[in-house]
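Welcome! Here is a short tour of a protein model, taken one region at a time. Please have a look at the structure before reading on.

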Amino acid sequence: MLINDIWFELRDGRKALLTSPEEKYVDSTLDFLRISAGETDFITRYPEEFDEFTREGEKELFYQMNASNNDVMILCIVDGKVAGNCSIQFKTSLKTKHRASIGIALLKEFWNLGIGTEMFKEMIRLAKDRENITQIELEFVEGNTRARALYEKMGFRIAGVLPNAIRLKDGTLLNEYVMTLEI
Ligand SMILES: CC(C)(COP(=O)(O)OP(=O)(O)OC[C@H]1O[C@@H](n2cnc3c(N)ncnc32)[C@H](O)[C@@H]1OP(=O)(O)O)[C@@H](O)C(=O)NCCC(=O)NCCS
């Protein structure tokens with residue numbers, strides 16, 4: 001699904017754009033994926049897991065996301081560069097199509113500037129606009145206080161915990177928390 005472009009101001013005064021993915025952002029998106037995965041343990045992949053990602057593959061993913069009736073990917077562009085992305089997926093089977101799930105990540109240099117808040121406003125709006133959606137879901141990894149603060153600010157509450165969902169390279173095991181928002 002495509003979104004209408006949304007311009008907004010970051011906390012440092014710069015202008016930012018929320019937009020659907022386009023081919024011109026493929027390289028910057030690949031850079032964002034690899035760099036962001038090395039900046040925090042709270043993203044579920046390590047940077048090398050993006051080594052196999054290609055320009056063609058990303059272009060195809062952009063196309064599929066934009067053409068889909070059930071998936072939305074949104075990029076945030078600042079000064080011509082991809083600062084991060086988010087996505088919302090609407091489930092499709094008869095028994096689960098009242099549910100949507102959300103994912104989000106930004107480059108560290110763009111944390112705490114208000115991008116996450118704007119992305120959530122748009123994703124919640126999209127979910128509210130869609131018939132029959134009553135629940136949005138997401139997960140965060142134990143210790144991710146910034147993400148948790150954002151999600152609680154947007155109205156999400158913890159619904160459960162998946163013990164030891166994440167195992168880091170050094171063997172550290174981390175829980176994953178599920179949060180939900182009823183709409
Ligand atoms: C988590 C993330 C998406 C949040 O986006 P963001 O643009 O930084 O969020 P915002 O600036 O809109 O809001 C963050 C809020 O958390 C608060 N916050 C920041 N650091 C915090 C901390 N250490 N503890 C508690 N709250 C914190 C901010 O004050 C802000 O709240 P406010 O608007 O009431 O002031 C982003 O930081 C990110 O991509 N992190 C790395 C990847 C990641 O963790 N992704 C989520 C996986 S579940």
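Let us start with β2 (residues 15–19) and β3 (residues 71–78), which pair in the antiparallel sense over 4 bridges. Within this pair, alanine 16 has valine 78 of β3 as its bridge partner. Strands are DSSP runs (E, at least two residues), as helices are (H or I, at least four), numbered from the N terminus; two strands pair if DSSP finds at least two bridges between them.

This is a predicted model, in which local features need pLDDT of at least 70 and side-chain atom pairs count only at pLDDT 80 or more, while totals for chains, interfaces and linings use all residues. Residues are numbered from 1 along each chain as its sequence is written.

## The whole sheet

The open sheet has 8 strands in the order β1-β2-β3-β4-β5-β6-β8-β7, with mixed pairing. At its edges lie β1 (6–9) and β7 (157–167), each pairing on one side only.

## Asparagine 70

Asparagine 70 sits in the loop between α2 (55–67) and β3.

Leaving aside neighbours within four places in sequence, asparagine 70 is in contact with Gln89, Phe90 and Thr92 (contact: C-beta atoms, placed from the backbone, within 7 Å).

Methods. Contact = placed C-beta atoms within 7 Å.
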